[in-house]
Amino acid sequence: MKVSVKSPQDIENMRIAGRLAAEVLQMIAPHVKPGVTTAELDRICHEHIVQVQQSIPANVGYKGFPASICTSVNNVICHGIPSPGKVLKEGDILNIDVTVIKDGWHGDTSRMYLVGEASIAAKRLCHITYEAMWQGIMRVKHGVRLGDIGHAIQTFTEKQGFSIVREFCGHGIGQKFHEEPQVLHYGRPGTLDELKPGMTFTIEPMINAGKREIKDGPEKDGWSIVTRDHSLSAQWEHTVLVTEQGYEVLTLSAGSPAIPAFVAAHAQSRSAETTGA
Ligand code: MF3
Ligand code: CO
Ligand code: CO
């Protein structure tokens, strides 16, 4: 297995790339409103990454992808291609997924946006998916196994009556966009690789309101993936670093959504464990 361990200097570079990616998601938030096209959102993000951040949008040309961000609306699970024909309307839910390369290092993050006022069901899906991502992140620590992370995300999500998409997963990240290990969002405790300080990877659960099955999007563009049952789908993504004591989230910015209260409670119970308090 060839999971790379990052040096302190590598980690410093990853922090910069991660923060830049998070700042793109923050910058674009006020532009997400009824009437805007996903192509326009892509244009604004591209300009910001290239002109303001003096960085490279990793998605452009990645395996032929034609844009700087993925824009996945409603029943689109992931990899939606921004389009001048896709006009956002009141009540839509949108995932924007962006990866920035700075000085050769990658930061990868995505979040959900509500377009105007969304339904209670749509808001609940976005909220639970955010919490599911944090259920995984908060368990990251030296010695924990990837199966523990996947299991935590899966049990939390299924308890809410939602389903986890199996065909896509998180991934190691660094000087490469996608590297080992694969980070599944389901699994069995105590299985798969053990986490080591200096590993960096993403956690990015895709969660469907209905069944977990997927199919190609109607555009037949080779990218967009939708729910087979047409139910809504949501996704959040952070890039995280494994540390001796736990984790560091590399893709936070000033305006990132509040971290769920259960994360602090979990950290406290964990430190009580190690200090014997
Ligand atoms: N950012 C996505 C991920 O989280 C990958 C997008 S690849 C692209 O791994 F080509 F669609 F941009
Ligand atoms: Co991503
Ligand atoms: Co990713």
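Angles under 35 degrees count as roughly parallel, over 145 as roughly antiparallel, 65 to 115 as roughly perpendicular and the rest as oblique. In this predicted model, local features need pLDDT of at least 70 and side-chain atom pairs count only at pLDDT 80 or more, whereas totals for chains, interfaces and linings use all residues. Residues are numbered from 1 along each chain as its sequence is written, chains are lettered from A and ligands numbered from 1 in the order in which they are written, and side-chain values use heavy atoms, leaving out hydrogens and water.

Helices (H or I, at least four residues) and strands (E, at least two) are DSSP runs, numbered from the N terminus. The axes of helix H3 (residues 120–137) and helix H4 (residues 146–159) come within 8 Å and cross at roughly 150 degrees, where axes are lines fitted to C-alpha atoms, for helices over the stretch in contact, and angles run from 0 to 180 degrees between N-to-C directions. H3 and H4 are therefore roughly antiparallel to each other. Their crossing is right-handed, a crossing being left-handed if the near helix is turned anticlockwise from the far one by less than a right angle, and right-handed if clockwise. With contact taken as heavy atoms within 4.5 Å, H3 contributes Ile128, Glu131, Ala132, Gln135 and Gly136, and H4 contributes Ile149, Ala152, Ile153, Phe156 and Thr157.

Two strands pair if DSSP finds at least two bridges between them, and an open sheet of three strands, with antiparallel pairing, has the order S6-S10-S13. Strand S6 (163–164) and strand S13 (233–235) stand at its edges, each with a single partner strand, so one side of each is left without a neighbour in the sheet. Two bridges join S6 to strand S10 (residues 206–208), the two running antiparallel, and Ile164 stands opposite Ile207 in S10. H3 packs on this sheet, touching S10 and S13, and its direction makes about 35 degrees with that of S13.

Another open sheet is formed by three strands in the order S3-S12-S11, again with antiparallel pairing. Here the edges are held by strand S3 (76–78) and strand S11 (214–216), each of which has a single partner strand, so one side of each is left without a neighbour in the sheet. Neighbouring strands of this sheet are turned by 45 degrees against each other on average, direction ignored. Three bridges join S11 to strand S12 (residues 225–227), which run antiparallel, and Ile214 stands opposite Thr227 in S12.
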